[in-house]
Amino acid sequence: MTVAVKNMLLNVGPSHPAMHGVIRLITELEGETVVKVEAEIGYLHRAFEKSCEQSGWNQSVPYTDRLNYVSPLINNFGYCGAVEKLLGIEITERCQYIRVIMSEISRITDHLTCIAASAMELGAMTAFLYLMKAREYLYDIVEEVTGARLTVSYGRIGGVKADLPQEINEKLEQALVKCEKEIYEVDKLLTRNRIFIDRTRDVGILTKETALSYAINGPLGRSAGINYDVRKVFPYFAYDRVDFEVPLGERGDNYDRYLVRMEEMRQSVRIIRHAVKDIPGGPVNVDAEGNVLSSDELVDEAKLGHTAGLVNVVSRVEPTLEGSERPFHKRIMSEDKRVVLPNKGDTYGNIEGLMNHFKLIMNSHGIRPSKGDTYFPVEAANGELGFYVVSDGKDRPYRVRVRPPCFFAMAGLHTMLEGYMVADIVATFGSINMIAGELDR
Amino acid sequence: MEISSGDGPGFITSKLESAIAWARKYSIFVYPFVTACCGMEYMSAASGHFDMDRFGAGLPRFSPRQADVLLVVGTVSHKISPILRRVYDQMCEPKWVVAFGVCTCTGGFYDNYATVQGIDTILPVDIYIPGCPPRPEAVLDGLIKLQTKIENQRHPLREL
């Protein structure tokens with residue numbers, strides 16, 4: 001007697017106990033083997049493009065924070081870089097190094113979160129707690145520099161919000177040492193762990209050909225052996241002046257992805273150390289000629305028309321604006337007055353600064369790139385993150401199209417899941433590091 | 001057994017109710033409905049540095065059947081809102097809902113066609129934790145406020 005066997009349809013997600021992120025996988029099972037997978041996306045569509053089109057060029061920066069919320073700084077700088085390329089402006093040397101340092105901190109937090117979450121989903125709760133601890137040290141640094149832990153909006157078109165705090169070097173080094181220690185401990189816990197290897201080795205294989213045909217790059221592509229890293233191939237900011245290596249995998253399975261991410265974190269630490277050593281500018285003393293006034297006194301003086309003596313005065317600003325006073329402003333911001341807000345000393349202290357500020361802030365004035373479009377890629381933690389910006393000459397973008405790295409990984413997801421067991425879905429999906437924010441935008 | 005006399009609750013019942021409320025307050029099992037950015041801060045709040053476990057809410061349950069508190073973490077789009085409602089409906093009474101992050105409170109700065117403008121349009125919310133995302137300290141503060149609310153609530157006991 002033969003029994004008719006029917007394949008079973010199983011929904012994994014969008015709110016599944018063992019998976020993070022909002023995505024729905026429609027799987028067809030034959031016994032416990034996955035035969036077919038279809039991914040349904042769009043559960044976190046937040047109208048990124050529409051929002052950007054309705055706000056100004058600079059006002060779009062906060063929306064980019066929330067694309068890949070695990071490494072928001074890279075997204076900030078990617079968008080700012082694209083608009084800068086469109087405008088054809090150069091950012092200062094120091095700003096380039098600041099962007100490199102902050103991007104690499106973000107990359108480490110992203111990889112930490114990915115490994116932590118995927119290890120936890122395989123049952124390694126200790127590794128999760130250790131890596132979250134390491135991430136917390138880096139968040140402290142991010143908070144020190146940008147003023148926020150997560151949604152930082154630190155990038156500005158033509159520069160960054162504020163200069164690095166003066167005593168940041170020691171704190172950063174301490175954080176890196178503590179972070180390295182945690183990474184080392186997790187390395188000891190996971191890398192030669194029998195259970196972890198059994199769950200990840202030769203599971204969810206992505207071949208080089210598949211990765212190429214689906215345009216998958218980043219850690220996923222590199223673990224499959226594709227030597228493509230935007231930082232090396234199309235160097236941007238100061239990446240051509242820092243030393244690092246690009247780790248490559250051989251098999252393209254979950255274990256290789258884990259190893260590539262671990263090594264990338266070590267390389268990022270190396271980049272940060274190099275950049276901190278090389279960063280130009282050095283410590284800033286208060287201007288020799290400039291006396292310091294609080295900003296409200298400065299405003300009062302200016303209202304009385306006593307602006308002549310205020311040209312070299314340094315204003316003491318609110319804590320939220322710290323690091324963007326006159327001496328710092330020059331080092332981190334481009335000279336281009338079409339784009340960059342003047343420092344607060346100038347805004348309060350002389351009419352040119354005030355007008356410049358007014359022209360950039362007021363509705364329907366603002367930054368106005370000439371008609372045109374451009375594409376600017378950066379290496380985000382998950383792969384190539386590209387911004388394609390189009391301007392029609394107005395004060396708000398005509399279009400901001402994002403090339404999110406996750407989107408392509410999700411297109412090729414089925415090749416990594418089909419033919420494996422149901423239980424492997426969790427392991428493979430965790431190692432891909434799907435971020436719904438940038439996937440659905 | 002006569003546990004209450006007259007119209008109001010008796011001595012034993014009221015003491016039992018407050019004992020149960022006290023116990024509930026410190027044994028919160030949360031269901032984190034994590035969709036977006038706030039999830040990162042939820043992870044921070046739940047792990048070592050901030051340690052939600054100190055307040056008796058350390059064990060997330062990823063099944064709505066086992067959870068008391070639905071923690072809606074992150075932007076809720078129109079596409080995911082029926083699923084959120086379904087998760088809420090699957091939870092057993094008594095249950096509470098915490099809106100974690102400004103997107104769940106009001107829609108936040110996603111004032112557009114795709115986003116639900118506050119989850120209180122689809123479920124009853126007990127505690128709102130604003131912030132984009134809220135700092136872990138704010139999350140813990142919200143948790144303490146929820147505990148106070150739970151402690152002061154009285155659910156009628158079934159007939160013994």
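How many residues of chain B are in contact with chain A, and how many residues of chain A take part? In this predicted model, 28 residues of chain B contact 25 residues of chain A.

**View 1. The side of chain B that touches chain A.** Strand S1 (30–34), helix H2 (38–46) and helix H3 (81–90) of chain B are the elements that give two or more residues to this side. H2(B) gives the most, with 4 residues. By class, the residues on the side of chain B that touches chain A are 15 nonpolar, 10 polar and 3 charged.

**View 2. Chain A as a whole.** Chain A contains 19 helices and 10 strands. Its radius of gyration is 24 Å, close to the 22 Å that the globule rule gives for 441 residues, so chain A is as compact as a globular protein of that length. The C-alpha trace of chain A spans about 100 × 45 × 35 Å along its principal axes.

**View 3. The two domains of chain A.** The domain assignment divides chain A into domain 1 (49–281 + 369–403 + 417–436) and domain 2 (292–361). Between the C-alpha centres of domain 1 and domain 2 of chain A the distance is 34 Å. Where the domains meet, 18 residues of domain 1 of chain A are in contact with 12 residues of domain 2 of chain A. On the domain 1 side, H4 and strand S5 (159–160) of chain A each supply at least two residues. H4(A) gives the most to this side, with 3 residues. The side of domain 1 of chain A that touches domain 2 of chain A has 9 nonpolar, 5 polar and 4 charged residues.

**View 4. Helices H4 and H5 of chain A.** Two packed helices are described by the angle between their axes and the distance between the axes. Helix H4 (residues 93–121) and helix H5 (residues 125–146) of chain A pack at an angle of about 160°, and their axes are 9 Å apart. Angles over 145 degrees count as roughly antiparallel, and H4(A) and H5(A) are therefore roughly antiparallel to each other. The crossing of H4(A) past H5(A) is left-handed.

**View 5. Residues between H4(A) and H5(A).** From H4(A), the residues making the contact include Met102(A), Ile105(A), Ile108(A), Leu112(A) and Met120(A). From H5(A), they include Met125(A), Phe128(A), Leu131(A), Arg135(A), Leu138(A) and Val145(A). The residues of the contact of H4(A) with H5(A) comprise 18 nonpolar, 2 polar and 1 charged.

Conventions: Residues numbered from 1 in each chain as written. Chains lettered and ligands numbered in written order. Predicted model: local features only at pLDDT ≥ 70, side-chain atom pairs only at ≥ 80, totals over all residues. Axes fitted to C-alpha atoms, helices over the stretch in contact; angles between N-to-C directions. Parallel < 35°, antiparallel > 145°, perpendicular 65-115°, else oblique. Left-handed = near helix turned anticlockwise from the far one by under 90°. Contact = placed C-beta atoms within 7 Å. Nonpolar A, V, L, I, M, F, W, Y, C, P; charged D, E, K, R; others polar. Domains from an automatic or database assignment. Rg over C-alpha atoms; globule rule 2.2 N^0.38 Å.
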